[in-house]
Number of protein chains: 2
Amino acid sequence: MANKEIPYKIYLEESEMPKAWYNLRADMKNKPAPLLNPATGKLMSAEELSDVFCAELAKQEVDEDTAYFPIPEEILSFYKMYRPAPLVRAYCLEEKLKTPAKIYYKFEGNNTSGSHKLNSAIAQAYYAKKQGLTGVTTETGAGQWGTALSMACAYLGLDCKVYMVKVSYEQKPFRREVMRTYGASVTPSPSMETEVGRRILEKHPGTGGSLGCAISEAVEVATNTPGYRYVLGSVLNQVMLHQSIIGLEAKAAMDKYGIKPDVIIGCAGGGSNLGGLIAPFMGEKLRGEADYRFIAVEPASCPSLTRGAFAYDYCDTGMVCPLAKMYTLGSNYIPAPNHAGGLRYHGMSPILSQLRADGLLEAISVPQTEVFAAAEYFARAEGTLPAPESSHAIKAAMDEAIRCRETGEEKTILFGLTGTGYFDMYAYEKFHDGKMTDYIPSDEEIQKALSYLPDMSKYDL
Amino acid sequence: MANKEIPYKIYLEESEMPKAWYNLRADMKNKPAPLLNPATGKLMSAEELSDVFCAELAKQEVDEDTAYFPIPEEILSFYKMYRPAPLVRAYCLEEKLKTPAKIYYKFEGNNTSGSHKLNSAIAQAYYAKKQGLTGVTTETGAGQWGTALSMACAYLGLDCKVYMVKVSYEQKPFRREVMRTYGASVTPSPSMETEVGRRILEKHPGTGGSLGCAISEAVEVATNTPGYRYVLGSVLNQVMLHQSIIGLEAKAAMDKYGIKPDVIIGCAGGGSNLGGLIAPFMGEKLRGEADYRFIAVEPASCPSLTRGAFAYDYCDTGMVCPLAKMYTLGSNYIPAPNHAGGLRYHGMSPILSQLRADGLLEAISVPQTEVFAAAEYFARAEGTLPAPESSHAIKAAMDEAIRCRETGEEKTILFGLTGTGYFDMYAYEKFHDGKMTDYIPSDEEIQKALSYLPDMSKYDL
């Protein structure tokens, strides 16, 4: 089909929507390393994991062999409310850049959570409901994941208890109110409701809280409340599985019009979006059916894939969660204030980390002022105001398109536009006012953070 | 086609998108009364209007005969970036309400302006650009219209100067920053930049401004700056024309699946959304080809259609714009603080006013606490967090569906979901905290406001 017949937006028909999630691990020769129990250093079984996660999700977490998991009918119904997400041909951006490259983006922001997070939130809430649980707990920083989970729980009639970092709760009240609209209970963390919260407040009475503390509170409440479990929005294998819907839809839309991307680009924090977007394409590559370049884009202020170590580390600052082998800056690493809140994570999905270690995934990092400049350029060309997280991918895609202008190559670029920036206007304001700065950690700083990695030799394995 | 084959969301193909706007006036037996010059009381010609509006728009403003205006290719291209807007079958809302009614909504919120305003913003900016103008001015309250215009101007490379009511500029900085992202210059009004602004500041040094004052500043700058014109986001006939794209798309989507609505519901402030949504359906009714019920829903705090007078009045508080015959509460009427900022207008589109006077359009008013309760109910069922303005239509549609549950009627309801409420979280917070109140003006208050209507007998006509 000729190029100019490609519409601005490709929407799959409802009947063309994927009916199963794709588990990339099934096609990986080198499987991601398993989660370990931090107390014993031993491999965590699905049974052990099901104390924290509900049983079906614990099974998904450890399953390396099943390639496709059918999506339950109830989740498909929920997906139909906000999916299929469009695959957009960025005609206006191409014209503005004067590039011969063809740019496509998979846009996941057309839902109230404002991002792709909803894809896994509904799955996790569904399995909790199906198991007869009555509620779930989670933590949230800026509030994207908490919002997504609130929406899913409202739909299923499940209690949703969100621990929100206190400084965000107070200074960014908007996503908090969105969560309340969906009936979630939102507690500023640290709180007096938990033992860990009370302990922290006693020690640091005026603290604004941290993600690490909020995780600890959410886990404590989940394990102490009958009928409750804890859920997490990124990093985990189960999340990558649910997010494969992004890539499956993108690939179906491209196949429909005979489009084959040369390079696929996504922003990377914990890896939930990137892992989902690349899954079916990477599967083809692993099976030797096709070849693509894959590029992860991370903030220069939190460069786990580009400057971290590939090692076992704690997933949380509180060191209560399982150990995961991943690219990490150390669970003590405190990323500098960076407005892409969703990318401020010290580690990276074990699946993506393994692909990176095997040379299948490239990684670059970009400073945030350049990211916001790209975001603004994109908004003026394509209309949509992007999230700071997504704008990391925009920046890399634009750079690739500019290189094509110089070389004359007509590459086809696909990137993930994970969400909208409507709740990030403070950051845009800083950028407009010239008050945004870049922070790039020194080698010493990173070495120091990495010196806190757990000593694996202490375990008698 | 059987009902259950109807997807959750109907997206037209790009090739099925309307290629012309529909001018409802061509099918009206009683035409809306013409605009009058406030100085002379005489009919304003297109030539006179083109001192304020660009020439092509002035022509559209006065044309009562042409039924279809082809949409220029450049505007069609822009529409393709964010349109077609989906027609959504509210399966989940129906189930939650246990109603036999079939509920559809046309969703106009999937773009960064957050509402339907973009449909006319791009048209007005396009004709300004085509005429060789270099910039446009406008006023904005909460910022929806200003945002839409900024996006359109960024796309076309046109200067955009927005006068934003100072209290909104300071207390609601988010839409201001969205506008700045699109390169608009945003000035808090009253400002020292204009004569009228300086005069007001001298008299009321600490004032937070008003929409009336912002209009006056925008008009002053437009008429004093070579190559500039003033643009307006509602009320005008030209705006109803551009917004007909809403109804044309909705009707095409319904026709495709053999759906015929029994009742069509929209919120009404200045009338831009309602006028656009009902246009092609009302056309069929006027031509005797089909019958529908049409319901306008307005806030109880600003009830122009339900409690106002049908008379000539000023369109603006500053009394500089033409006189229009419309349902009005008087240009001096100051609506009580109501969070649906887009519905706080003292008058109503002359086209809709005439339809109302002719008994073709029903009108009801609803108090805002009930509107927010409906908004929250809708969000939990359908996912999308609605704008307070749109939620007036949700409230009326839900009431209609509940009546169907009682009578067993399987009515088909279509309503307009004009936008999202992401920038309205302060209002939602008030609602959640039980601090939202209702205000219903007394008869005396309305009579007093109406006593300021212009005395038309002073004109020697």
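## Exercises on a predicted two-chain model

At 0% relative accessibility, S244(B) counts as buried, where buried means under 20% relative accessible area, exposed over 50% and partly exposed in between (1.4 Å probe, protein chains only). The structure is a predicted model, in which local features need pLDDT of at least 70 and side-chain atom pairs count only at pLDDT 80 or more, while totals for chains, interfaces and linings use all residues. Residues are numbered from 1 along each chain as its sequence is written, chains are lettered from A and ligands numbered from 1 in the order in which they are written, and side-chain values use heavy atoms, with hydrogens and water left out.

### Exercise 1

Determine in which helix S244(B) lies and which residues it touches.

*Solution.* Step 1: S244(B) belongs to helix 11 (residues 237-256) of chain B; helices (H or I, at least four residues) and strands (E, at least two) are DSSP runs, numbered from the N terminus. Step 2: apply the contact criterion, heavy atoms within 4.5 Å. Leaving aside residues up to four places away in sequence, S244(B) touches W21(B), Y22(B), G276(B) and A279(B).

### Exercise 2

*Solution.* Step 1: with a relative accessible area of 25%, F310(A) is partly exposed. Step 2: not counting residues up to four places away in sequence, F310(A) touches K325(A), M326(A), Y327(A), S353(A), Q354(A) and A357(A). Step 3: strand 12 (residues 309-314) runs antiparallel to strand 13 of chain A, and six bridges join them; two strands pair if DSSP finds at least two bridges between them. Within this pairing, A309(A) has T328(A) as its bridge partner. Step 4: strand 13 (residues 323-328) of chain A is largely enclosed by the rest of the structure, because five of its six residues are buried.

### Exercise 3

*Solution.* Step 3: strand 6 (residues 135-140) runs parallel to strand 7 (residues 159-165) of chain B, with six bridges joining them. In strand 7 of chain B, K161(B) is the bridge partner of T137(B).

### Exercise 4

Explain why strand 1 and strand 14 of chain B each have one side without a neighbour in the sheet.

*Solution.* Step 1: the open sheet of chain B has seven strands in the order 1-4-5-15-10-11-14, with mixed pairing. Step 2: strand 1 (9-10) and strand 14 (362-366) of chain B stand at the edges, each with a single partner strand, so one side of each lacks a neighbour. Step 3: strand 1 of chain B pairs with strand 4 (residues 87-89) in the antiparallel sense over two bridges.

### Exercise 5

Characterise the contact between chain B and chain A.

*Solution.* Step 1: each side is counted, giving 43 residues from chain B and 43 residues from chain A. Step 2: the chains bury about 4,000 Å² between them, 58% of it on carbon and sulfur atoms; buried area is the accessible area (1.4 Å probe) that two parts lose on being put together, summed over both. Step 3: there are four salt bridges between the chains, each a side-chain nitrogen of Lys or Arg within 4 Å of a carboxyl oxygen of Asp or Glu. The side chains of R176(B) and E429(A) form a salt bridge (2.6 Å, N to O).
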